[in-house]
Each structure stands twice: as structure tokens, then as C-alpha cells.
Amino acid sequence: MLFSSIPFLFYFLPIVLILYFAVPKVFKNSVLLLSSLFFYAWGEPKYVVLMVLSILMGYAFGLLIEKFRGKALSKVFVTLSVVFSLAILGYFKYADFFIDNFAGLTGLSIPLLNIALPIGISFYTFQILSYTVDVYRGDVAAQKNPITLGAYIAMFPQLIAGPIVRYRDVEIQLNTRTHSIQKAASGIKRFTIGLCKKILIANLLGEITAVFLASADLSVLFYWLNAVAFSLQIYFDFSGYSDMAIGLGRIFGFEFLENFNYPYISKSITEFWRRWHMSLGQWFRDYVYIPMGGNRVSKARHFINILVVWMLTGFWHGASWNFVLWGLYFALLLMLEKYLLLDKLKKSKVLSRIYVLLFVLISFVIFDSPTLPDIGKRLLAMFGFSSIPLVSKEALYYLGSYAFVLILAVIGATPLPKMLYAKLSKNKAFAKITVIMEPVLLAVMLIVVTAFLVDGSFNPFLYFRF
């Protein structure tokens, strides 16, 4: 069930909210857990069993790790927790990838398992891992109530595509969170903004990429238009979903950490990854990079640490070589910045931003290409090393047709709208008008989004496949 769907917006969510706020405090986590399992079962009925099994496994290992903390058995149980969680993720997400590549290398004819990927498995697996590892480290106490832990792992606002919420960040909120009209209103506002980013910007940009894939009138301009459209689409798609998740969490009394912070204004790739999918970057930093020694090692070992972390980051996104290459591409850029480029980039804000936009654009060409040959084909075409013309009628037509949404997306990917709103809010007259007009504007935005949902069928969500 998509957040950006009629069943979710007008059936599931209202019913859940009524039930949630109607029951006493002691039952709120139960409502949250049951509604989350129903939400998951809506799209993945057979895999809800896997979800329940994962919850019970995380619960049992947490208790065992804490019971034997300081003893050898604690390390055994945390190791088993990591192995079991990664084994489940590996089987469902990567089994066919490894079988296909092994068959290709050996020439053997091995049938694929054709396993369907359970939605959101990468996200909730990482949440379980962070929980059991933090219990082992003594950063948090094991959760004694399976319903409370289940509500954390299966919580539908961030279940499908994050942000990756670590248990230690919401441990207190799971039992003592507060609810208020102000917090709910803030959550509704954030959710509506995220919904509009997804439907009114990301989906329209997605139409450009869909047309590009079906086009027989390709040109250098069309390749660049597709690259720019996809880079903006994936940002508004994923950051919009994160906004919706954070907004929903706020309605239910939770404060989730931010996941995006205007990454396209970065002046280095290092800064870009401090602003893009922040919860994933922090997860790999705390549970892979730092345990490997981080940067407090020799230069050669530091290179290896970065390569391993970014290969895993790429592979986390999908069982395909383009994702592995995408991760290694960023590893190379980050190493070049660390030891060569960072000081030079600081000398010119304009050139540093152009550098970031160019190399991030190239990264998303790698990310979006289905095969390794397609990566080479697209990049060669973009830089003129192909027999296609510079401009085509179809490219000019779609550039003109989608010029407004492209400009809107470029401006919306910067802090300018937020800064302008903050500046205007200092004016007392504007502030008074805002109190009245903001709810009206949000209602109008919701009506417009609903019209798009009723009228259109193009409503993909890119991160569902991860």
C-alpha cells in the first residue's frame, strides 16, 4: 500500500487514527503494531509471516544478549543475530544474483529461484541489526515487551522505505511519547508537503524518464534531460517519502531524525553524503565503518575501509552490478577528496557546486542503468561519443512541455523556498495571514493531489525495490 494512494489516504489512515486515539495509552503500541502488520500484509500477505518471524527473532536475541552481557555467550548470540538477519536478507534479495553470476562464470545451467523481494526488507533488517548490536554494546536495554519491539520494527510510517530509525533514537518515545494538537498539525503539514513532492513533482519527472526509455528519437540533449529528470525524480520521490514518514511519525507522537538536508547544494561529495539519505550513511558509519577502524588506521587500511563500506552501500541498494559500481564510484570520489581535492574545492564555491552536480548526475546514470553496457552507452551518448544527433524534436518537445516542473524541482531542491518563507514570517501581517491561509492551502494541495491520483495511473515509488 503506497502512502500516495487513495486506499491509504482515505480508508486505512483515517481508520487507524480513529482507533489509535480512541484506545487508552497502554494499547496504543498494540494498535500501531496490528495496523502496521495489516499495512504490510496488504501488499505482501505471505511475507507478513517473515516480518513476524523477524520481530520474534530480534526480541529473543535481544533478551539473550542482555542476559549474558559480559560473557562469551553474549557475543555468540549477537553474532547469531547478525548471521540470521543477513542470511534472511541475503536469501530473499541476493540469492538469484549469486546463482546467476556463478552460472555465468562456470557455464553451468542452474535455474534461478525467482524469489520475490519482500518490500522494505532492507530497512527493517537494518533496524533489527542496530537494535541487537546496541543491546550488545550496552547502549540500550533489551526491550521486555514484544509488542513494543514489534511496533518499533514494523511501524508502518517508516517500514517500507525508511528513514532507518534506530531503536536508541526512539526507545523512550516508544513508552512515553506525548500527543498534542500542535504536534499532529505539524505532522499533517509535513506529510502533505511530502505527498505533494511525490505526486506533483517526482511523478511528473518520472514521465520524462519513462518517455526516454521508450523513445526511438534519442539525442545528446535527450540523454542529458533524462539524467537531470531522474536525479531530481529520485530526490523528490525519496525525500518526499521521508517527509511523509516523519509527518506520520509526528502524528503518532514520534520524532524521527531527518533523512535529507538539501544535498544538491553541497560543495563536495563528502558533504553530499552528509545530506543525502542521512540515516543510511549514519548506519554504515556506526555499524561498519567505525568498527573496522574508520580513519584511525593506516592510509592503505583506510582505503580498504572506504571501499568495503561503499561496496556494501551500493550492494544494499540492489542485487545488480550497477549498484556495486555506483558504490565503488563514490568510494573513489571520497578517497580523492580526502587526500587530494577537498582543499582545492574550498577555493571556489561555484566550481565546487558544479563539480558536485556533474559527478552526482553521472552517479545516477550509473544507478538507473539496468546493465553495465547500458552505463557505458548512456555516458558515451551524454558526452558526444555516439552517432546520435545533438538535438532531436522529441527532446525539445519534452524539454518545453516539462520546463515548468523542471524549474520548480530545481528551486525546490534548494533552501530558497524555506528561507523566503522564514523571512516573510517575520512580518506580523504575513504571520497573521499564514495562520488562516496555511490550513486552507494544505487542504487545496490535498485536493489537487487527490485529483492527480484519481485521474492518473503513473505512480511508481523508486525505493520499493530496495
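Visitor: What makes Lys-28 count as lying over the face of Tyr-20?
Guide: In this predicted model, Lys-28 is placed 4.8 Å from the ring centre of Tyr-20 and over its face. The distance cut-off for a charge over a ring is within 6 Å, and the direction must be within 35 degrees of the ring normal. Lys-93 is another such case, lying over the face of Trp-316 at 5.3 Å from the ring centre.

Visitor: How do you know that Arg-168 and Asp-134 form a salt bridge?
Guide: The closest N and O atoms of Arg-168 and Asp-134 are 3.6 Å apart. A salt bridge needs these atoms within 4 Å, so the pair qualifies. By this rule the model has 16 salt bridges.

Visitor: Why is the Arg-168 and Asp-134 pair said to tie parts together?
Guide: Arg-168 belongs to helix H8 (residues 167–170) and Asp-134 to helix H5 (residues 121–137), so the bridge ties together parts that are 34 residues apart in sequence.

Visitor: Are these two partners buried or exposed, or something in between?
Guide: Asp-134 has 0% relative accessibility, and buried means under 20%, so Asp-134 is buried. Arg-168 has 31%, which falls between 20% and 50%, so Arg-168 is called partly exposed.

Visitor: What makes Asp-286 and Arg-285 a salt bridge?
Guide: Their closest N and O atoms are 2.8 Å apart, and the limit is within 4 Å, so this pair passes as well. Asp-286 is at 10% relative accessibility, so Asp-286 counts as buried. Arg-285, at 39%, counts as partly exposed.

Visitor: Which residues are linked in a network of salt bridges?
Guide: The network links Asp-134, Asp-139, Arg-166, Arg-168, Asp-169, Arg-285 and Asp-286.

Visitor: How do you know that Asp-237 and Lys-198 meet in a salt bridge?
Guide: Their side chains come to 2.9 Å, N to O. With a cut-off of within 4 Å, the pair therefore counts as a salt bridge. Asp-237 sits in helix H11 (residues 220–251) and Lys-198 in helix H10 (residues 181–214), so the bridge links distant parts of the chain, 39 residues apart.

Visitor: Why are Asp-237 and Lys-198 called buried?
Guide: Asp-237 has 2% relative accessibility, under the 20% limit, so Asp-237 is buried. Lys-198 has 1%, so Lys-198 is buried too.

Visitor: Why is the pair of Phe-272 and Trp-276 called stacked?
Guide: The ring centres of Phe-272 and Trp-276 are 5.5 Å apart and the planes meet at 20 degrees. Pairing needs centres within 6.5 Å and stacking needs planes under 30 degrees apart, so this pair is stacked. Both residues are buried. The count of aromatic pairs comes to 67.

Visitor: What makes Phe-272 and Phe-330 a stacked pair?
Guide: Here the values are 6.4 Å centre to centre and 10 degrees between the planes. The limits are within 6.5 Å and under 30 degrees, so Phe-272 and Phe-330 are stacked. Phe-272 is in helix H12 (residues 269–275) and Phe-330 in helix H15 (residues 321–345), 58 residues apart. Both Phe-272 and Phe-330 are buried.

Visitor: Why is Phe-364 called buried, and what does Phe-364 touch?
Guide: Phe-364, in helix H16 (residues 349–368), has a relative accessible area of 3%, which is under 20%, so the label is buried. Setting aside residues up to four places away in sequence, Phe-364 touches Phe-230, Ser-231, Ile-234, Tyr-264 and Trp-276. Phe-364 and Ile-234 are 130 residues apart in sequence, with C-alpha atoms 8.9 Å apart in space.

Visitor: Which residues touch the most other members of the largest nonpolar core?
Guide: Phe-8 and Phe-156 do, in a core of 138 residues. H11 gives the largest share, 16 residues. Among the contacts of Phe-156 beyond four places in sequence are Phe-8, Leu-32, Tyr-241 and Phe-252.

Note on methods:
Residues are numbered from 1 along each chain as its sequence is written. This is a predicted model: local features need pLDDT of at least 70, side-chain atom pairs count only at pLDDT 80 or more; totals for chains, interfaces and linings use all residues. Side-chain values use heavy atoms; hydrogens and water are left out. Helices (H or I, at least four residues) and strands (E, at least two) are DSSP runs, numbered from the N terminus. Buried means under 20% relative accessible area, exposed over 50%, partly exposed in between (1.4 Å probe, protein chains only). Contact means heavy atoms within 4.5 Å. Rings of Phe, Tyr and Trp (its six-membered ring) pair if their centres lie within 6.5 Å; planes under 30 degrees apart count as stacked, over 60 as edge-to-face and the rest as tilted. A nonpolar core is a set of buried Ala, Val, Leu, Ile, Met, Phe, Trp, Tyr and Cys residues joined through side-chain atoms within 4.5 Å.
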